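Try each task before reading its solution.

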Amino acid sequence: MRTPANIPGAVPVYEDFARCVHCGLCLNNCPTYRLWHLEGDSPRGRIRQMILVGNGELPLAEGFVGHIDKCLDCRACETACPSGVEYGKLVEHARARIETEYKRPLFARFTRNIVFKRLLPYPNRIAFAARLLRFYQRSGLQSLARASRILKLLGLAERERLLPRIDGHFFFRELGKTFPAQGARRARVAFFAGCIANVTFTKLNEATIRVLTANGCEVVVPSAQLCCGALAAHAGVRETARQLARKNIAAFGGGHFDAILTNAAGCGSTLKEYDHLFSPNEPEHPAAVAFGNSMRDVTEFLATLGLVAPLKETRLRVTYQDSCHLLHGQKVREAPRQLLRAIPGIEFVELPYSDICCGSAGVYNVTQTAASLDLLKEKMDYAKITRATTIVTANPGCLLQLRAGAEIHKTGQNVVHVVELLDSVLKQS
Amino acid sequence: MTATANLATRLESVLGAHRVVAAEPELREYAIDGMVPGAIVRPASAQEAAEVARFAITEKLAIVASGSRSKLDLGMPPARYDLALDMTGLHEIAHFDPGDLTLSVDAGMPLRQLARMLAEKGQFLPLAVPCCETSTVAGALASGIDSTLRKQYGTPRDFLIGAEFVDGKGALCKSGGRVVKNVTGYDLHKLLIGSLGTLALITRLNFRTFTLPQAHGGQVACFSNLEGASAYRDAIEKSGLPLANLETLSPEMVAQTAAVLRETSAEFAGRLDPAKWCVYASFEGNEAVVPRIARDLQKLANEAAAAGSEILDAASDAHLGGILREAFDWLRWASPAVALFRIALPQSNPGDLANLLRVAQDSSLRAALLVRAAGIVHFTLFVESENESALHALENAAARVFSLAGAGHGHATLLHAPSKLKSRVNVWGPNRADLGMMRHVKHSFDPRNIFAPGRFVGGI
Amino acid sequence: MPASLLRELNSLLGPSNVLHKIEDLVLYEYDGSVEKARPDLVVFPHTTEDVSRILKLATKYNVPIVGRGSGTGLSGGALARGGGTMIVFARMNRILELDLENARAVVQPGVVNLDITRAVEHAGLYFAPDPSSQKSCTIGGNVAENAGGPHTLAYGVTVNHVTALELVLPDGEIVRVGSKHGDTPGYDLCGLFVGSEGTLALVTEITVKLTRKAEAVKTLLAIFDAVDDASNTVAEITARGITPAACEMVDGWTLCAIEDYIHAGFPRDSAAILLVEVEGLREAVEAQAAAVEDVCRTHHAREVRIARDDRERDLLWKGRKNAFGALGRLAPSNYVLDGVIPRSKLPQALQQIQSIGKKYGFSIGNIFHAGDGNLHPIVLYDPRDPQQFENAIAASREIIRYCVELGGALTGEHGVGMEKNELMPLLFSDADFDLMRRVHDAFNPDSSLNPGKIFPLSKGCGEIRVRKQAETLPAHV
Ligand SMILES: Cc1cc2nc3c(=O)[nH]c(=O)nc-3n(C[C@H](O)[C@H](O)[C@H](O)COP(=O)(O)OP(=O)(O)OC[C@H]3O[C@@H](n4cnc5c(N)ncnc54)[C@H](O)[C@@H]3O)c2cc1C
Ligand code: SF4
Ligand code: SF4
């Protein structure tokens, strides 16, 4: 298989592709296959196309790019695949290849360039551009959004009013601080705050710190941290992702933490796999491996550590939507459920097909809005069946999406992050 | 009829004299609804059967194969009947692998003898069909007659794994095999089930066998009306208890059953109340399972407010079960003329059953209702003679039964009817939309139409 | 492929339901098997009427038709051996009716097997046929192949759970066979069409039986240090008349690959394991489990574990059901066989398979439905080496021949397709083929439906239709 030389980082080899024995066991677990039932939009078909493109038997053209663009990178196929195909690795490489070899239409190139290369890597620009960013993420600055017709063009007009407000204060100001453990210190952890989350999920981040400290964790928020690079990596903008990785590894290095935590599963799976961004013979590789090994999702960490903070009894019927990058990316399934069941009075019901993506998937809801809305509709149909009053999930992107879903489909359900729910039932001490 | 006086002679020249019979009294024993064959042939091997088929093709003759002839009254009389092919000469066990629970047996093997042989190895074939003393294995299969073990073991579709047969071109063919799981080639053997000899001459059948249960038992529960009995049945079905058989008897059916029972055990017969609807359940398993099911059934019967319920020990269960297994046989001779319907309904709801009884009432006919397992109903109308008014009443009743069954998304056939009724009513009921496909199948098996012409659905 | 056919299909179904670009078509030239053949067009009907109209067009343009569900088939059944138009049923995936009272479901063919169970499990019911591919394969594909699964042992294969079918014949005529009840006068047409591998008609609606969940279930994992012990155990379980719901065997080597995927606590140093499940009333389950355990111990099982709860049980089954796929971890390609043998011959069959493997220099995995005698020897090879592929095929043929010698059959559940059709004469005579062909021709006279399958090309049935597909792709992908 020919591989272009100019893509930095790990490059999949024959065996990585050959692992796919085209058994098709992944098909029905793939959200896009479930939507369209096209082989081209299934894991098996996408892998096949990568092989054909690699062999030069299929042009790297619109068709291929379309199918790869439509992939949510949710990695449900990895969970489903008994053969151990590392699809995430394959698709990120395919995207990197598209990024280097394929000329996208001008507008797409322009926005991708702005977002992935010029905005996300720079915290000050994020803060500065919060409103613009919010617009881009459909979190519309209302007058601007309404004045422009771009929302309509993107088919987002309907959703614009549903999106969360940019927070009054940004979490950026907490960077560099250390929060002491309440009671005996059981662990010392570093908190990875995310990038966009700094301006849209301040409260979630604050809640995370409260829950951690209440459970005996000293929480350090290193100041030099940057965006994790997940969006860039998923989009194939590899060099940017590598830059961010180097800086984050440095920012968290040498802190002697029991773990580095994130409440964003999407960031978490990229952070855990920083080593994929570097090939084994690059100097950054060992540090990337070590960094990944100390990364934990906050739910994973808390479930292992065990909750000690007293919790109020709470009569709620809740259901849980797996965040793809937690379940499929990090293979964490039980931890969040375990935490939910630990809350006294909670009635936990499984959400049918909770392992299928809600359609959020990073910037997917922007780039593939129709598909995203279709997935969301099915998701909310099942959510209604559960008769749960609260839908819990474990990733900010999913929160946004599911909140929009609850509004659009009028399910009347509250959507919260696992740690937000835990925070709300902490007994004030 | 193509058969001429020298038919037998010509046959003899093919198969030898000892294989052919043309004497009047014997020919009459092979009569179907009064039609008498031109000759009887008794092949001793599959090859000989094939030769007869090829002879029939050249001579343009019609062949009706038979075993013990216990169920020749099923289906319509043949349109032509030249040769009666008596298959009882093929009666070997071709292969029995007790360790694999598979069996290959010749068509004419009597079920009784087969059962004895299997029982020596602790096994059996779940074909509990009427006339089981005489029936041959292929006859039972081709007749499509219900087995009272259907609830637990299914129909032959579920345990027939292969077959050898002579097709309508006189060729020896096979389908399936001797292993319990197999998808190699088309499952043509399944088509032979219930085909009434219209597709091929079955020469050998392969089955999976089953281990005899350690123990079995039964229960009879009585109810003052149909609704009570039906509700009890529902409760049993919902409980998920595994039963071997489950039958509901109308009061008239109870009376008839008691009469048969009385011949062997007056005491047992006395315990059946002919004023009640009775539900008979039979179950099997190991020594722990049987009492457990008995207990659960008694509890369910109590909850269903049964007028009475009784657990039967193994001997009584076998006794009553045997009589009900033979119901088809004795019902058809229970009065001078009888119309016995077999009705399959998706859901034997009391409404459908009540409607059937109304048919009988409206035409002032005595009727017995036997609701069998798996949604099969045997509905019997009795008349005292084959006179015109009786036939007329039966004809009208048949039309109503066919349409009732159709309306309930089921269908009815006449398992047994007086010959004279068959000239007025097609026992198979109205034609179904799939008749064209059936004709395709018939034509591909038997392009010259030599096998039992006219006996089957839609004149096939 | 005539351009006007494409035009007509486009206007019939809408362009989003028609694929015609080569870049799309190449994704329909494979299925779960090692075979390949590319269609000229791929279409996605939504209704029975769509299917009927497509077939009428195909007749008009005289192009072959092949149906496809999820393309998980292991015999190349869903490949367009004669080119032509492929009808993918994946978008006909509605559950049309759930009749829980009568334990029936009426579904479109594209419904995924497991989704039927998911839709009815709340009522304590499930759809019993459980091919290991059940989370992906469609009921239409199951019907066509008469699919089985681990629990086939006690509950039977697909045909035992289908009571009615709606079919579209090659000329576009829509017909129904069977009934909801399942008992109809006349020939058992359902029994004929189930398992006919899409060569007689296309299936557009299926009525299936639903089964009530058993009161109790026990899953045993027996670990053996010698394959012979495990196979003797199976033979004796069968001979003693114990009927487990399932009785599966996995060799130790394959088990390691599974364990890498599933982390279920399967031993890494065994020669073979048996996964035996008993179901039914509590009392029966207790007794059967004890009997099974006894047989295992008699045959020197190192350990017999009983799953403690549903989670453990699910994990064991997840391991078993993902076994094929897990072999992708061991070699870039594998060839799965599906021979059946009498269960009493299991020990000698496994020995023979090993020695055939040795002869050709292959590692042969064995993951199979032992209780049914349905073997799945899996030949692992590297397709980059053409000699290995040749040898894999040769070894496979030898194994199949041996199964037949033992009184067995070519395929227990995967179907003949275009993979074993040339081996059919091992079992069938010219007279058998002649009759099968007449039945075939009665429904599919021009071999326009799925040509080149089941029948050896020399025995009639559309060989003319099967044009040699130029191998445009290297075998290794
Ligand atoms: C990992 C793995 C495990 C497997 N395990 C098992 C197992 O345990 N048991 C088992 O039996 N099989 C098993 N299989 C084989 C396969 O999954 C089954 O044969 C399944 O029934 C195929 O379903 P499908 O929807 O993928 O059909 P496809 O592969 O798409 O098609 C199979 C056949 O069905 C025909 N077909 C499809 N839809 C229709 C229709 N609507 N009308 C007419 N014909 C149609 C096609 O033409 C083709 O001939 C396994 C396969 C894999 C990859
Ligand atoms: S990705 Fe895995 S599950 Fe999907 S077809 Fe390939 S091997 Fe099978
Ligand atoms: S990552 Fe998600 S969307 Fe992409 S192929 Fe896998 S399952 Fe499908």
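Predicted model: local features only at pLDDT ≥ 70, side-chain atom pairs only at ≥ 80, totals over all residues.

**Exercise 1: the shell around ligand 3**

Solution. Next, list the members. The residues surrounding ligand 3 are A:Cys30, A:Pro31, A:Pro43, A:Arg46, A:Cys71, A:Leu72, A:Asp73, A:Cys74, A:Arg75, A:Ala76, A:Cys77 and A:Tyr87. Now sort them. A:Arg46, A:Asp73 and A:Arg75 are charged. Last, look at the helices. In chain A, α3 (43-54) and α5 (76-80) each give at least two residues to this shell.

**Exercise 2: the shell around ligand 2**

Task: Which of the 13 residues around ligand 2 come nearest?

Solution. Pick out the nearest ones: A:Cys20, A:Cys23, A:Gly24, A:Cys26 and A:Cys81. Then take the whole shell by class. Around ligand 2 there are eight nonpolar, three polar and two charged residues.

**Exercise 3: strand β2 of chain A**

Task: Why is strand β2 (residues 187-192) of chain A largely enclosed by the rest of the structure? Which strands does β2(A) join by bridges?

Solution. Check burial, with under 20% relative accessible area as the cut-off. Five of the six residues of β2(A) are buried, so the strand is largely enclosed by the rest of the structure. Now find its partners. Four bridges link β2(A) to β3 (residues 217-220) of chain A, and the two run parallel. Here A:Ala190 has A:Val220 as its bridge partner. Four bridges also link β2(A) to β4 (residues 259-262) of chain A, again parallel. There A:Val189 stands opposite A:Ala259.

Terms used
Residues numbered from 1 in each chain as written. Chains lettered and ligands numbered in written order. Heavy atoms only, no water. Near = heavy atom within 4 Å. Buried < 20%, exposed > 50% of the residue type's maximum accessible area, 1.4 Å probe, protein only. Pairing = 2+ DSSP bridges.
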